[in-house]
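Me: Hi! I have a new structure open and would like to go through it with you. Could you help me find my way around?

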Amino acid sequence: MKMDAKFIEERKQELQKRKQELLRELNEDAVQVADHDYSAKFVDYGDKDDENAAEVANFEKNLSLEKTLEVSLYNVDLALKKIEEGKYGLCEKCSNPINPDRLKAFPSASSCMDCKKKLL
Ligand SMILES: [Zn+2]
């Protein structure tokens with residue numbers, strides 16, 4: 001089954017929009033150290049005990065957020081690469097087409113529901 005070009009173009013626009021959002025969020029809470037590699041920001045509040053505790057809490061929050069954003073960005077980039085290569089919408093595990101409704105809800109999906117369920 002060949003994917004509809006218009007359908008793919010729509011997903012591509014969504015992915016690019018999502019990528020801009022992710023980059024913006026990463027730039028707020030993290031610093032880029034390399035391509036696709038970000039580090040959570042450590043904000044220095046001061047040297048008092050309560051300030052140190054607030055620094056750590058803020059850093060831990062940024063750390064988990066940064067990891068989530070980084071993984072999302074990676075998946076979005078992977079999906080955009082697949083569009084360029086003409087492989088978008090195919091499951092990376094079984095090579096069957098991914099349900100278009102799933103791609104609409106989740107444009108960076110890389111596997112079909114059947115394979116996803118097997119992983120859970
Ligand atoms: Zn599959």
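Predicted model: local features only at pLDDT ≥ 70, side-chain atom pairs only at ≥ 80, totals over all residues.

Me: Thanks. Is S95 buried or exposed?
Reply: S95 is exposed, because 9 other C-beta atoms lie within 10 Å, and 12 or fewer counts as exposed.

Me: What about the phi of S95?
Reply: The phi of S95 is positive, about 65 degrees, although S95 is not a glycine. As background, most residues other than glycine have a negative phi.

Me: Okay. Where is I98 found?
Reply: I98 is in the loop between α2 and α3, and α3 covers 100-105.

Me: And is I98 buried or exposed?
Reply: I98 is buried, because 23 other C-beta atoms lie within 10 Å, and the cut-off for buried is 20 or more.

Me: Which residues does I98 touch?
Reply: Not counting residues up to four places away in sequence, I98 touches G89, L90, C91, L103, A109 and C112.

Me: How far is I98 from L73?
Reply: Their C-alpha atoms are separated by 20 Å, and I98 and L73 are 25 residues apart along the chain.

Me: Let's move to the helices. How do the axes of α1 and α2 cross?
Reply: Helix α1 is residues 5-29 and helix α2 is residues 49-85; their axes come within 9 Å and cross at roughly 155 degrees. That makes α1 roughly antiparallel to α2, since angles over 145 degrees count that way. The crossing of α1 past α2 is left-handed.

Me: Which residues meet there?
Reply: From α1, the residues include I8, L15, L22 and L26, and from α2 they include L65, L69, V76 and I83.

Me: I'd like to zoom in on V76. What is V76 in contact with?
Reply: Leaving aside neighbours within four places in sequence, V76 is in contact with L15, R18, K19, L22 and S108.

Me: Now the core. Which residues are in the largest nonpolar core?
Reply: The largest nonpolar core has eleven residues: L15, L22, L26, A30, Y38, A40, L69, L73, V76, A79 and Y88. At least two of this core's residues come from each of α1, β2 (37-40) and α2. The largest share, four residues, is from α2. In soluble globular proteins, nonpolar side chains tend to be buried together.

Me: New topic: K6. Where is K6 found, and is K6 buried or exposed?
Reply: K6 is in helix α1. K6 is exposed, with 8 other C-beta atoms within 10 Å.

Me: How about E28, is E28 buried or exposed?
Reply: E28 is exposed, with 11 other C-beta atoms within 10 Å. E28 also lies in helix α1. From E28 to A79 is 24 Å, C-alpha to C-alpha, and they are 51 residues apart in sequence.

Me: Last one. What can you tell me about Y74?
Reply: Y74 is in helix α2 and is partly exposed, with 14 other C-beta atoms within 10 Å. Y74 and H36 are 38 residues apart in sequence, and their C-alpha atoms are 7.0 Å apart in space.

Conventions. Residues numbered from 1 in each chain as written. Axes fitted to C-alpha atoms, helices over the stretch in contact; angles between N-to-C directions. Parallel < 35°, antiparallel > 145°, perpendicular 65-115°, else oblique. Left-handed = near helix turned anticlockwise from the far one by under 90°. Contact = placed C-beta atoms within 7 Å. Core = buried A, V, L, I, M, F, W, Y, C linked by C-beta atoms within 7 Å.
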